[in-house]
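Me: I am new to this structure and would like a close look at a single part of it. Could you take me through that part slowly, and then through what surrounds it?

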Amino acid sequence: MPYDLQPVASHFVNGRYVEDISGASMPVIYPATGEIIAQVHEATPAIIEDALTSARAAQKAWAAMSGTERGRILRRAADMIRERNRDLSILESHDTGKPLSETLYVDATSGADALEYFGGLAGALTGEHIPLGEDWVYTRREPLGLCVGIGAWNYPTQIACWKGAPALACGNAMVFKPSETTPLCALKVAEILHEAGLPAGLYNVIQGGGAVGGALVGDARVDKVSLTGSVPTGRKVYAAAAEGIKHVTMELGGKSPLVIFEDADLDNAVGGAILGNFYSSGQVCSNGTRVFVHRTIKEAFLERLSARLAQAVIGDPLDEATNFGPMVSERQMQIVQGYIETGQAEGARLVTGGARLDRPGFYLEPTVFADVSDGMAIAREEIFGPVMAVLDFEDEDEVIARANATEFGLSAGVFTRDLARAHRVIGQLEAGSCFINSYNDAPVEAPFGGAKMSGVGRENSKAAIEHYSQLKSVYVRMGNVEAPF
Ligand code: NAD
């Protein structure tokens, strides 16, 4: 029985759903039709206060539990998410418009992976013993305290779990604010965590836009802020967090290069470019949207790419045959349409796509521009939609320099059969999450995050533990204290 689209209440605070209808109304719009499918209310100051107070109150007892006990709850939640994957995926498809053929495989399931992985690590979080002759130092790995998570709209379930799982595993409490565009999925994550045995107050979800996010970031009781969002928002949130010397993780935007050498397996390279530009209708932060193709294979690449794009099944996200859905919102679609017009005005060659589909909802065709030059806006700015820019190159040093000539540094990919070249090139690309003969894989075991303006810190993997805990070092003297007087 799929979930009701209208949530029980707007917020999940202190272990239960809560409502305060005096908060501004936030309609939830189904991107495939443009219809309002649910209504939630923005968190009022009273809701924000309850969320922060209950998180603060619950955190110490949670941190005092053994890691194995904490982990057991997270792993139970992971199992429950997997059992309910279909219902959660249907909800995710309504929240975001992404087709069920994607959400069934990458959203709730990757959230469950994070809960299982960090649940497993929780019991293994230890300090170390440092011998110093007779004396010694030991370190304790301690939680940061109260963490705030702020999400983007493209992966609402995944982001809620990728932030919540390591935070809880390390003994922290979290207040999570989903994007105002996709408020539904994180509530289910909170509900399931508590059903799995998470004590009340440890994972709260409250709704709202930038003002609610700002109130959380600015609160003196908050120890850490983890944001997934755009660079302009990251700049504001990072600055606000710095006021209170708070820890941060910043998962921000990108304009990542995908370099395809002349010896690449062309079908695989085309497949990588499709995954790196059109999955989730192009609304993926790590997308390889600057596709540098060696001059000698460019036309063959474009031909095969166009043939494969013609096979895209664009339509109802709930039909499992559909593999390309709408943009998340009217606003996002208009932003992307603006870039398509700019690309044409700048003189790029429109190879395929470019139009809005004549149907309800926010559907844009998968779009490819060729003959793009480095200075064009479509090659420099994050579009966050289904628009690929193909640029030609001649040699390795040139393409490395051009690939790095950007303020962003989230991801990078290389397709070549020459593995020595693959490692040499990847070693020089300024990016945090890289791929050789593949694109956009994000297993929980691998660190994920950006270099340069694309971010600070890493999510997933053991590296995330560093960002949700701190070390206390304890010097232990075994003999007498020698003081100067
Ligand atoms: P956005 O920056 O507009 O909003 C992100 C979140 O920040 C939202 O929840 C929003 O309400 C909140 N926010 C806005 N202003 C705030 C403020 N002053 N204080 C606190 N919170 C505030 O981003 P978006 O449009 O939701 O998402 C798209 C962007 O996210 C793209 O740039 C994309 O690349 C990026 N993204 C990055 C990753 C990653 O892991 N690196 C993943 C997904 C999306």
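This is a predicted model: local features need pLDDT of at least 70, side-chain atom pairs count only at pLDDT 80 or more; totals for chains, interfaces and linings use all residues.

**A close look at the open sheet and its surroundings**

Reply: H9 is followed by Ile 245, whose phi is positive, near 50°.

Helix H9 itself runs over residues 231–243, and its 13 residues reach 18 Å from the first C-alpha to the last, close to the 18 Å expected at 1.5 Å a residue. The buried residues of this helix are Val 231, Gly 234, Val 237 and Ala 241. Because they cover an arc of only 120° around the axis, they lie on the same side of H9. On the other side of H9, the residues Arg 235, Lys 236 and Glu 243 are exposed. As for what the buried residues of H9 pack against, the partners are helix H8 (210–218), strand S10 (224–228) and strand S11 (247–251).

Now to the sheet. Strands of a sheet pair through backbone hydrogen bonds, either parallel or antiparallel. Here seven strands form an open sheet, in the order S14-S15-S16-S13-S12-S17-S18, and the pairing is mixed. Strand S14 (349–352) and strand S18 (433–436) stand at the edges with a single partner strand each, so one side of each is left without a neighbour in the sheet. From one strand to the next, the twist averages 20°.

Within this sheet, strand S12 (residues 257–260) and strand S13 (residues 290–294) run parallel and are joined by four bridges, and Val 259 stands opposite Phe 292 in S13. Helix H10 (residues 266–278) packs on the sheet, where it touches S12, S13, strand S15 (367–370), strand S16 (387–393) and strand S17 (411–415), and its direction makes about 135° with that of S16. Helix H15 (residues 419–428) also packs on the sheet, touching S17 and S18, and the direction of H15 makes about 165° with that of S18.

The loop between H10 and S13 holds Ser 280 and Ser 281. Most residues other than glycine have a negative phi. The phi of Ser 280, however, is positive, near 50°, and Ser 281 likewise has a positive phi of about 50° although it is not a glycine. With a relative accessibility of 2%, which is under 20%, Ser 280 counts as buried, and Ser 281 is buried as well, with a relative accessible area of 3%.

Two other loop residues complete the picture. Thr 182 has its place in the loop between strand S8 (173–177) and helix H7 (185–195), and this threonine is buried, with a relative accessible area of 1%. Leaving aside residues up to four places away in sequence, Thr 182 touches Asp 95, Thr 96, Ala 152, Trp 153, Pro 156 and Val 328.

Asn 323 is found in the loop between helix H11 (298–309) and helix H12 (330–345). Towards Val 313, the side chain of Asn 323 reaches the backbone nitrogen at 2.7 Å.

Definitions and conventions
Residues are numbered from 1 along each chain as its sequence is written. Side-chain values use heavy atoms; hydrogens and water are left out. The expected span of a helix is 1.5 Å times one less than its number of residues. Buried means under 20% relative accessible area, exposed over 50%, partly exposed in between (1.4 Å probe, protein chains only). The arc is that of the directions from the helix axis to the C-beta atoms. Contact means heavy atoms within 4.5 Å. A polar contact is a pair of N or O atoms within 3.5 Å; within protein, one must be able to donate a hydrogen and the other to accept it, and residues adjacent in sequence count only if both atoms are side-chain atoms. Two strands pair if DSSP finds at least two bridges between them. Axes are lines fitted to C-alpha atoms, for helices over the stretch in contact, and angles run from 0 to 180 degrees between N-to-C directions.
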